[in-house]
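Subject: Structure for you to look over

Hi,

Here is the structure I promised, with the sequence alongside. Please open it and keep it in view while you read my notes below.

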Amino acid sequence: MESLANESFSIELQQLDAASTDTARKERTQWLLTSPNPPSLCHELINTVKETVLPHGKTTKQSRKGAFFSFMQGLFPILKWGRNYKATKFKHDLMAGLTLASLCIPQSIGYANLAKLDPQYGLYTSVVPPLIYAMMGSSREIAIGPVAVVSLLLSAMVPKLVDPAVDPIAYRNLVFTATFFTGAFQAVFGLFRLGFLVDFLSHAAIVGFMGGAAIVIGLQQLKGLLGINHFTTQTDVVSVLVAVFKSFHNEPWFPLNFILGCSFLVFILITRFIGKRNKKMFWLPAMAPLVSVILSTLIVYLSKADQHGVKIVKHFKGGLPPSSVHQLQFKDPHIGEVAKIGLICAIVALTEAIAVGRSFASIKGYHLDGNKEMTAMGCMNVVGSLTSCYIATGSFSRTAVNFSAGCETVVSNIVMAITVLISLELLTKLLYYTPLAILASIIISALPGLIDINEACHIWKVDKTDFIICIATFFGVLFGSVEIGLLIAVGISFGKIIVDTIRPSVELQGRLPGTYTFCDITQFPVAAETPGILIIRVNNASLCFANANFIRQRVLRLVKHTSEGHTKEKVNVLVLDMSNVMNVDTSGIVALEELHRELVSQGIQLGIASPSWKVINKLKAAKLLDKIGKGWIFLTVGDAVDGCLNSKMAV
């Protein structure tokens, strides 16, 4: 009798515990069902604008002055760090700036030649944009100026509108206009926090694009290295090699160009090898290009090699960068194409600059705000387009030199710009006899840094799909054109996103032994299913028109497969874990309604666990909760399982 009484008392305690647990679970469900509505789309847009314009929130009359200064410091960071700038830092920045200028001057001339512009425009681009960036930029190490990839983009796309050999003035004006559009797009990206647009060029695509562009740039330098007069305007490998082959048969070849260029190319590469082996000799590879220009110019001048077929720079205009306001062609019939070129260059230039800036910022241990960087680079390119500059961005090779030289702040960019300006005023006449082969060798020497074979191998090991993107972009640039390579990169990246969106994974969940954790039973075979209850998780941020029917079909297939596999107990409840679903549209709601009807026809109850704020709000608005039953909405998967078991016990 006593044992029967104890057993009866134990059952009563279990029932009381189950009742209290059920009450707590229902209370948690009410938290979910009575949560306030999420902010509307209009409210979210207004908040985004407020965060952009007034990042520190609302201001009172007393704090308006402080807010204004805070806004100015955010727009011009130099106002903040400049107050604490010390002479000890200037000593390091001065040395870094002078070292940077020694590398920048010959590279800028070479990149201007690559962009099919006169040499002075490359030097102008190393004066005005760095000064603007020094006031508005937040990176301490990045070196601003013309770069090879953007110069290649301009020389590949703008000549399709105007031939620089036929009308160099019109070509130059379109380049300035494209620069203006580039800066405008960059500034808009930064001001409206559209930095995610840059991410459409994935890391794998950038690796492939840079590698292909490096080879294309190197092949383009064969014109200067071999002293070819007539060269193709195409950038693909086949066209360039055909043009070189034809030149050997149709034009006289002067081997002095090749000998001179290759000799100094070997010299530059040797100094770079020494600089890598001995970090204290960082200045040697930085000075090598300028030394090469000076020595080769003296050799040509003293030996009169220009009279024996050596191609030289010749006319070189110096002085301050002149205004180019009236040279911008906004009424040109090709203005749409120019704007497209500006957009492409804006994305590529920002991708390179932000990648470079963040790499060195992480080494120094500080964060780089991508949106502020976009705004700064946009403003510097807009101002640059008005002062005879073409597109400038952050250069990896020069930034590495700046970092190695011990720069402390962007004052090194100011020192570099002033040094280049002095060179424009005093030294341009001395560069008349500079051989084009030397400029070609300087550009070629900078290209190995753009080809990252180790990173390509790493991508292959980590993600085969990304490797396909990398290789496709590489060959697209190499055998097609720069635009084709970029289109392939963006197209495959978008395709990957679309496939991942329309075909998300749907996981069958089970409970890990000894825990209250539910996880994928395919990944964790030890996880056990709950008899009579099927738990399925949708792994996608959105249940939308693109994937709603696919998810519904996958869920029904799993239900059918599981029901056929269970011999002892039929599936009575399907719990849909929506913890990963952040939003749902009308197509998604319709798919859920159809799923509910089909499950009811099979005698299976649908339960929904862990719906997000927006999801639960839309389910209430669509009155789907009334059809499913509010008692079948759960805060967690654990609550759903307990609720299902208790409902079965009650039955």
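Two strands count as paired here if DSSP finds at least two bridges between them. Keep that in mind for the sheet. Also note that this is a predicted model.

**The sheet**

Start with strand S3, residues 505–511. S3 and strand S5 (residues 533–539) run antiparallel, and five bridges join them. That clears the cut-off of at least two bridges. Gln-509 stands opposite Ile-535 in S5. Glu-507 has Arg-537 in S5 as its bridge partner.

S3 also pairs with strand S4 (residues 518–520). Three bridges join these two, again antiparallel. Here Arg-511 is partnered by Phe-518 in S4. S3 and S4 form a hairpin, with six residues between them. Look for Gly-514 in that turn: its phi is positive, about 75 degrees.

Is S3 mostly covered or mostly open? Mostly covered: five of its seven residues are buried.

Now zoom out. The sheet is open and has six strands, in the order S4-S3-S5-S7-S9-S10. Its pairing is mixed. S4 and strand S10 (633–634) are the edge strands, each with a single partner, so one side of each has no neighbour in the sheet.

**The whole chain**

The protein chain has 27 helices and ten strands. Its C-alpha trace spans about 120 × 70 × 55 Å along the principal axes. The radius of gyration is 33 Å, whereas a compact globule of 651 residues would have one near 26 Å.

Of those 651 residues, 48% count as buried. The chain exposes about 31600 Å², and carbon and sulfur atoms supply 65% of that area. Among contacts with a separation of 6 or more, 82% come from residues 24 or more positions apart.

On charge, there are 56 positive and 43 negative ones in the protein chain. Their mean positions are 9 Å apart.

*Met-136.* Met-136 is in helix H7, residues 128–136. H7 is mostly covered, with seven of its nine residues buried. Among them are Val-128, Ile-132 and Tyr-133. Why does Met-136 count as buried? Because its relative accessibility is 9%, and the cut-off for buried is under 20%. Leaving aside neighbours within four places in sequence, Met-136 is in contact with Leu-75, Phe-76, Pro-77, Thr-375, Ala-376 and Cys-379. Phe-76 is 60 residues away along the chain, yet the two C-alpha atoms are separated by 4.5 Å.

*Ile-438.* Ile-438 is in helix H19, residues 436–445. Its relative accessible area is 0%, so Ile-438 is buried. Which residues is Ile-438 in contact with, leaving aside its neighbours within four places in sequence? They are Leu-260, Phe-264, Ser-292, Val-293 and Ser-296.

*His-92.* His-92 is in helix H5, residues 87–114. With a relative accessible area of 35%, His-92 is partly exposed. Not counting residues up to four places away in sequence, His-92 touches Ala-405, Gly-406, Cys-407 and Glu-408. Gly-145 is 53 residues from His-92 along the chain, and their C-alpha atoms are 20 Å apart.

Most residues other than glycine have a negative phi.

Lys-304 has a positive phi of about 55 degrees and is not a glycine. Lys-304 lies in the loop between helix H14 (283–303) and helix H15 (335–364). Its relative accessible area is 47%, so Lys-304 is partly exposed.

Ser-388 is not a glycine either, and its phi is positive, about 65 degrees. Ser-388 sits in the loop between helix H16 (370–385) and strand S2 (393–395). Is Ser-388 buried or exposed? Ser-388 is buried, with a relative accessible area of 2%.

Best wishes

Notes. Residues are numbered from 1 along each chain as its sequence is written. This is a predicted model: local features need pLDDT of at least 70, side-chain atom pairs count only at pLDDT 80 or more; totals for chains, interfaces and linings use all residues. Side-chain values use heavy atoms; hydrogens and water are left out. Helices (H or I, at least four residues) and strands (E, at least two) are DSSP runs, numbered from the N terminus. The radius of gyration is taken over C-alpha atoms; the globule rule is 2.2 Å times the number of residues to the power 0.38. Buried means under 20% relative accessible area, exposed over 50%, partly exposed in between (1.4 Å probe, protein chains only). Contact means heavy atoms within 4.5 Å. Accessible areas come from the Shrake-Rupley method with a 1.4 Å probe; for residues, only the protein chains shown count as cover. Lys and Arg count as positive and Asp and Glu as negative; His and the chain ends are not counted. The place of a charge is taken as NZ of Lys, CZ of Arg, CG of Asp or CD of Glu.
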